[in-house]
Structure formats: structure tokens, C-alpha cells
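The following paragraphs lead through a predicted model, from the contacts inside one chain to the contact between chains. Please keep the sequence and the coordinates in view while reading.

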Amino acid sequence: MALTTAPVDMSYAEAAALAVQREMEADPKVVVIGEDVGRGGIFGQYKGLQQRFGDQRVIDTPISEAAIMGAGVGMALAGLRPVVEMRVVDFALCGMDELVNQAAKNRFMFGGQGRVPLVARMPGGIWDASAAQHSQSLEAWFAHMPGLVVVCPSTPQDNHALLRAAMQCGDPVVYIEHKALWGLREPVDETVTIPLGQAARLREGTALTLVSWGKQVHACAEACAALADQGIAIDLIDLRTLWPWDRETVLESCGRTQRLLVVHEAVQAAGFGAEIAATAAEATGCRIARLGAPRIPVGYAAVLEAQSRVGAEAISAAARRLVD
Amino acid sequence: MDSHFPDPGRALALYRTMARIRAFENAAEIASQGGVSAYGQQATGSVRVRGPLHLSTGQEAVPAGVCVHLKPADYLTSTHRGHGHTLAKGADLRRMMAELFGKATGFNGGKGGSMHIADFSVGMLGANGVVAAGLPIAVGAAHAQKLQKKDAITVCFFGDGAINRGPFLESLNWAQVYGLPVLFVCEDNRWSATTASGPMTAGDGASARAEALGIAATQVDGNDVFAVHAAAARLVDTVRSGSGPRLLHALTYRVKGHVSVDPAAYRDPAELAAALDTDPIARARAACLRAGIAAAALDGTDADAHAEVEAALVAAAEAPWPDAAAAFTDVQTTGAGQWH
């Protein structure tokens with residue numbers, strides 16, 4: 001695909017594959033390692049890359065998450081810039097020591113002698129009928145960890161721009177695409193750049209600040225549209241990067257609206273929403289509410305799975321309670 | 001003449017490496033237990049080395065015999081018991097001691113200490129606080145060397161306890177699948193923290209597990225530095241020639257407890273006594289004497305090592321502490337400082 005300034009309609013997965021392609025073209029040090037990446041990845045997010053760059057740069061691996069993540073650390077220390085595919089966030093737990101104890105700490109504990117510029121891609125969130133081990137939202141775990149950058153893109157345009165930014169970052173980035181967004185399509189402008197740590201204000205309003213990220217942003221947008229019809233104008237912020245998170249944008253908004261609702265797909269208890277809520281309360285004294293999943297594993301049957309979903313109606317109801 | 005005995009110059013170099021490691025470990029041990037006065041320095045009365053200190057006393061022959069074959073461009077990953085590996089790879093002894101003291105002049109600026117001793121400038125990519133964690137990092141570094149067509153290899157030290165963790169299997173499989181230039185060195189000191197490894201390990205240990213994956217393994221008396229030296233010479237050459245990974249299984253013994261404050265009372269005293277009879281430095285010394293090397297040369301080497309370590313202790317004691325603000329640097333660039 002030729003570089004063009006004209007936006008091209010593409011899916012969230014295609015936007016990601018194009019981002020990796022562009023970074024691989026720009027820097028021969030970029031390599032991809034992971035299970036099934038040669039066939040394009042299980043969601044098509046690496047489609048065509050092995051054909052284009054060969055199996056020495058888009059490297060199929062054994063099912064060895066600890067070795068994939070740990071080898072990524074070793075490759076990065078040896079001068080490469082690996083994209084490390086974890087298949088789904090749930091499986092990334094098998095490489096947790098390599099991510100949390102090794103990648104995240106390396107630069108600090110060796111006094112800056114080493115750098116680990118790797119991107120650990122780990123699709124997250126509820127994947128229909130995939131039950132408790134294929135549907136988790138674990139972003140708060142990683143945001144808790146000094147040394148890690150955490151990114152959760154919600155749109156094809158953001159996925160393209162943020163993945164490129166992540167691949168240009170000198171430190172390890174946990175990059176959580178949502179499993180249910182791969183097919184989402186929109187025009188993507190390749191020339192758009194988005195720095196890590198910068199949120200997007202999707203709607204402007206004065207009644208309430210609504211903060212979310214990932215797929216849940218779309219449910220929030222739906223709720224905002226419904227509330228606008230009832231005369232409630234909401235400031236909707238897509239956080240995009242969880243660490244470092246855009247405190248300026250969020251706190252400025254909370255200062256104006258004096259009401260904050262944080263919505264995430266992850267379990268509400270000890271979720272990242274608590275961090276945002278506490279920070280906003282300390283800084284602005286605003287009224288706050290959180291909305292996330294109950295603290296249950298995601299169930300298989302539709303009626304059980306639905307208990308973990310935070311939909312637009314629940315968001316609208318929570319917003320109305322806060323405004324009233 | 002011992003069958004593995006090298007030329008006298010090389011023999012003395014190996015002896016010197018072991019003497020420096022032993023002197024370093026003895027000094028670090030004392031400095032972790034209330035002062036450095038027993039090492040000849042003026043009494044300080046204070047603990048200079050904080051936290052867990054994992055000593056490699058008695059295991060000196062393995063890093064000495066292996067690392068003498070390595071170049072600065074070769075990578076090394078290590079364990080929590082990594083002082084000997086680091087010294088043998090060529091790291092500056094003074095900066096190592098300063099790091100153990102937590103001083104700003106240490107390799108990591110006081111941010112890592114003993115468990116994270118490292119000198120990237122000589123390819124030593126770090127000791128590690130997690131058993132077996134160095135294995136996948138090593139295969140990644142070796143993978144990068146192969147992709148970048150570098151004339152360099154990676155040596156990965158790990159203990160016998162590490163072979164019971166998953167990353168051992170994953171990393172050996174990975175190295176063999178991609179034919180990587182990595183030499184795995186199992187430093188088999190018979191103890192997994194405070195538990196004997198034997199009863200905790202099914203099958204025939206590191207060599208057997210490597211061979212099950214098609215990786216040729218060589219067992220060696222890890223307390224005979226000249227035997228380690230000879231075996232490692234062959235294996236390093238083989239790995240460097242592009243023949244894929246190899247494993248060296250070095251049988252040695254952990255003379256000290258798991259950490260410096262551990263008296264290892266769980267151990268049969270007879271076992272320790274037997275091990276001390278095969279002390280690698282005493283054996284090397286005897287072999288050198290048999291080969292006609294003058295006792296004075298060996299004594300001089302010992303004295304030099306002692307003096308070098310003592311100077312390092314003094315320098316470390318006098319070196320400045322890191323600035324408190326350093327706690328917030330090298331965390332991550334995106335958001336560092338502003339977001340802590």
C-alpha cells in the first residue's frame with residue numbers, strides 16, 4: 001500500500017498490520033515474534049507481513065509465552081525492536097515474570113545500562129462465548145507496574161497511530177487491542193500521529209465528565225447520544241493510554257463539570273477506574289462514580305456472559321444518577 | 001601432568017580469575033555481616049552490603065573455565081549467584097563492589113545491588129533475582145546475534161534448581177528450533193535454595209533434559225578448572241561455528257548457604273567436608289605446582305587479588321550514595337518523573 005495522505009477505509013486489524021508494516025519498512029531492527037504471526041496472526045493483525053518481510057523478521061514461534069516474552073527482552077537488549085505477540089491478554093500471564101520482573105525493571109535496576117524497547121501485544125476484553133480464560137480485561141495489572149507503558153486503542157485510526165507510537169517508544173509497552181474491535185472499519189489517515197499519553201475528547205459537554213477506553217468507549221458514545229436527546233451534554237474522554245494517563249485533560253474537564261463517571265469493561269473492584277476517580281476527587285473534589293464489571297469470571301452462556309457486560313443503558317443510568 | 005592442563009600462562013590466568021572471585025566473595029560476605037574489618041580494613045562497625053547476598057564460593061572454576069573463551073561482544077546472562085560470572089566476563093571489580101554497597105559509583109548506580117550485578121559494556125546482561133529467568137533472555141540475545149549475523153555467541157549460566165522451571169524447557173526448545181549460538185551452562189551446585197535438588201528432580205538432570213531436545217550435552221567436573229576450560233573450549237568453538245546450542249553440565253558444590261546469613265544447618269556436615277576436599281582453588285593450585293609453576297607465582301596472585309579487593313572495599317566505603325532523585329530516573333521515558 002502506497003503512502004497516501006488520503007484516508008483509506010480499513011479495519012482495526014488492517015490498521016494495525018499497516019502500522020507494523022510501516023515501522024518494519026522504516027527500521028530493519030523491528031522484528032515480530034509470536035504464535036501464528038506468519039499466517040497473519042489469529043485476528044489478521046499481521047496479515048501479509050511475513051510474505052513481505054520474510055520469516056527472519058516475522059518469526060513464528062512455539063507455544064512458549066515465557067520464552068516469547070523473555071526472548072523479546074533479550075532481543076531488545078541486543079539491539080532489536082521486537083513486537084511480541086501474546087495472542088490474548090489471558091495468555092500473557094504465562095509470560096508474566098518476563099514482562100513484569102524482566103522487561104519492566106531492566107532499565108531501572110541496571111542503572112540505565114539496558115533499554116527494552118519492546119511492544120507486547122495482548123488483545124483483551126470479552127470475546128463472544130469465549131468464557132473465563134479468553135475474555136479478561138487486565139489493563140489495571142500492567143498500569144500498576146512501574147516501567148510499563150499501557151495503551152488501549154478504541155478505533156482503527158487510533159490503533160494505527162498509537163501502535164506506531166508504541167513501536168517508536170524506547171521502553172516496554174503493553175499494547176491491548178480489543179478482541180471485539182478487529183472488524184471495526186473507518187477511514188484511517190496514515191499521516192496522523194498520536195503521542196502516547198494523550199487522551200481524545202470525543203464529545204464536549206458540561207453536565208458530566210465520562211472517561212473510558214478501548215471497546216467501552218463505543219458503549220459510552222452510544223449512551224452520550226441518548227443522554228444528549230434528554231438534554232444532558234457530556235464531556236466524553238477516550239483515555240487511549242492508561243499509563244501515563246492524560247491527567248490534564250481529565251482534571252480540566254472534571255474541574256468544569258464537577259462530576260466524573262469512569263467506565264471500563266474490566267472488573268470494577270481495584271480497576272483502573274479507581275485510580276482515575278481518586279485522582280479526580282483529590283484534585284477537584286468532584287462527585288465521582290465508577291462502572292465496571294462485577295467481580296466474577298466471564299461466563300460462557302450468553303445470559304452469564306451478559307452479567308459481565310457494561311452496556312450503554314447501564315452507563316446512561318449511572319450518568320443520570322450522578323447528574324441528578 | 002594432568003590431562004587437561006593448559007599452557008602455564010593460561011593456567012595462571014585461570015587461577016587468577018578464581019582467586020579474584022574467591023577474594024571478592026569473602027570480602028562481600030564479611031561486608032554483609034557487620035563490617036569489613038576482618039578483611040584487613042579499619043573497623044567500620046556497620047553493615048556495608050545490605051539485603052540478600054548469594055555467594056558463589058566454591059564454584060569459581062565454572063565461570064573461570066568458561067568465560068576465558070569469550071570476547072567482549074559475546075553476551076552473558078547470569079543467576080542470582082552472579083558475582084563470579086560477572087568478574088570472569090571482565091567487569092571492573094571496583095564498580096562491582098561499589099554496586100554491592102549501593103553506591104553511586106556502582107555499575108547500576110546503586111539501583112540493583114548484588115542480585116542485579118551487571119556490566120553491559122562487557123556483554124554481561126545481568127544477574128537475576130528470579131530462578132531460570134536468564135534463560136529466555138539469553139535465547140533472545142542469541143537470536144538477535146544470529147539475525148544480525150554477528151560473530152558472537154551468548155553464554156547462559158543457570159543452576160540445577162532452574163531446570164525444574166518452565167522457562168528452561170521453553171528456552172532450550174527455542175534455541176534448538178532456531179539453531180541459535182548459545183551455550184547453556186548448568187552450574188550444578190546440588191542445592192535449590194535450602195532444599196537439596198536431587199530429590200526434587202525427576203530423571204537424570206540437566207544433561208538428560210537437553211539431550212531429549214536434541215541438544216548435545218557435556219558433563220564435566222565443575223571443580224576442576226582445567227577440565228572446565230578444556231570442555232568449554234570445544235563447546236564455545238562449536239557454538240561459534242554455527243552448529244547451534246550446546247549444554248555444559250558442570251558438577252560443583254555450593255560451599256556457603258543460600259544467602260550469606262544462612263549457616264546451612266540443614267546440610268550434612270560430612271557433605272560439606274567432602275566438598276571442601278575438592279575445593280577448586282586448592283586443586284588448581286596443586287595442579288599448577290605439579291606442572292612446575294612456582295609457588296611464589298601463586299602466592300603473588302593470591303596477594304594481588306586480596307589487595308585489589310581491599311582497595312575496592314575502601315573505594316566502595318568512601319564512594320558517594322546515589323542522589324535520592326535517582327529513584328525516579330530510568331523508570332520509563334514516557335511519563336517518567338511527571339507521573340510517579
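Across the interface of domain 1 of chain A and domain 2 of chain A there are 11 residue pairs in polar contact, both residues being at pLDDT 80 or more. A polar contact is a pair of N or O atoms within 3.5 Å; within protein, one must be able to donate a hydrogen and the other to accept it, and residues adjacent in sequence count only if both atoms are side-chain atoms. On the domain 1 side, helix 6 (139-143), strand 6 (149-151) and helix 7 (156-167) of chain A each supply at least two residues that touch domain 2. Helices (H or I, at least four residues) and strands (E, at least two) are DSSP runs, numbered from the N terminus. The residues on this side of domain 1 divide into 17 nonpolar, seven polar and three charged. In this division Ala, Val, Leu, Ile, Met, Phe, Trp, Tyr, Cys and Pro count as nonpolar, Asp, Glu, Lys and Arg as charged, and the others, Gly among them, as polar.

The two domains of chain A span residues 8-188 and 200-323, with bounds from an automatic or database domain assignment. Their C-alpha centres lie 26 Å apart. The contact (heavy atoms within 4.5 Å) takes 27 residues from domain 1 and 24 residues from domain 2. Together the domains bury about 1900 Å², 61% of it on carbon and sulfur atoms; buried area is the accessible area (1.4 Å probe) that two parts lose on being put together, summed over both. Two salt bridges are counted between domain 1 and domain 2 of chain A, a salt bridge being a side-chain nitrogen of Lys or Arg within 4 Å of a carboxyl oxygen of Asp or Glu. Arg240(A) and Asp158(A) form a salt bridge at 3.5 Å, N to O.

Over all chains, the structure holds 31 salt bridges. In one of them, the closest N and O atoms of Arg81(A) and Asp27(A) are 4.0 Å apart. Arg81(A) belongs to strand 4 (residues 81-85) and Asp27(A) to the loop between helix 1 (12-26) and strand 2 of chain A, so this pair ties together parts that are 54 residues apart in sequence. Arg115(A) and Asp171(A) also meet through their side chains, at 3.3 Å, N to O. Arg115(A) lies in the loop between helix 5 and strand 5 (119-121) and Asp171(A) in the loop between helix 7 and strand 7 (173-175) of chain A, so parts 56 residues apart in sequence are tied together.

Between the chains, the contact draws 48 residues from chain A and 43 residues from chain B. Chain A and chain B bury about 3600 Å² between them, 62% of it on carbon and sulfur atoms. Phe108(A), Phe110(A) and Gln113(A) supply 18% of the area that chain A buries against chain B, more than any other three residues. One salt bridge is counted between these chains: Asp330(B) and Arg107(A) meet at 3.0 Å, N to O.

Confidence comes last. The predictor gives the complex an ipTM of 0.94 and a pTM of 0.95. Chain B averages a pLDDT of 93, pLDDT being the predictor's confidence in each residue, from 0 to 100. Over residues 35-45 of chain B, however, pLDDT stays under 50. Where pLDDT is low, the predicted coordinates should not be read in detail.

Residues are numbered from 1 along each chain as its sequence is written, and chains are lettered from A in the order in which they are written. In this predicted model local features need pLDDT of at least 70, side-chain atom pairs count only at pLDDT 80 or more, and totals for chains, interfaces and linings use all residues, while side-chain values use heavy atoms, with hydrogens and water left out.
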